[in-house]
Amino acid sequence: MFGKYVIVRTYSAGVHAGVLARHEGREVELTGSRRLWRWQTADKGISLSDVATSGINPKGSRICATLPRIVLTEAIEIIPATDAARAT
């Protein structure tokens, strides 16, 4: 999944979306990363799998500013995102 756009759920740092640059154990580095503070899926789904597949509804979501790079130390889930999801 390196170089692919992914959704990462962590134990204590929330949910992030970005390009997977590095993954070692539970440590994940993303580039072009945004924190998903609150989300509503585009297709009325309820899970992060739905976010990764269909994307978000911008009106019902709160997404933070883009960071050039972030290292997350407690990643528990890495989900590849579709191009359609990334576009949202």
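**Ground rules.** I'm working on a predicted model, where local features need pLDDT of at least 70, side-chain atom pairs count only at pLDDT 80 or more, and totals for chains, interfaces and linings use all residues. Residues are numbered from 1 along each chain as its sequence is written, and side-chain values use heavy atoms, with hydrogens and water left out.

**Count.** I took a salt bridge as a side-chain nitrogen of Lys or Arg within 4 Å of a carboxyl oxygen of Asp or Glu. I got five of them that way.

**R9 and E77.** I found these two joined by a salt bridge, with 2.8 Å between the closest N and O atoms. R9 sits in strand 1 (residues 5-10) and E77 in strand 6 (residues 75-80), so the bridge ties together parts 68 residues apart in sequence. Strands here are DSSP runs of E, at least two residues, numbered from the N terminus. For accessibility I used relative accessible area: buried is under 20%, exposed over 50%, partly exposed in between (1.4 Å probe, protein chains only). R9 comes out partly exposed at 35%, and E77 is partly exposed too, at 26%.

**R69 and E29.** Their side chains meet in a salt bridge at 2.7 Å, N to O. R69 belongs to strand 5 (residues 67-72) and E29 to strand 3 (residues 27-38), so this pair links parts 40 residues apart in sequence. I noted R69 as exposed at 51%, whereas E29 is buried at 13%.

**E24 and R22.** I looked up this salt bridge as well: 3.7 Å, N to O. E24 is exposed, at 51%.

**Network.** I traced salt bridges linking R22, E24, E27, E29 and R69 into a network.

Key:
Helices (H or I, at least four residues) and strands (E, at least two) are DSSP runs, numbered from the N terminus.
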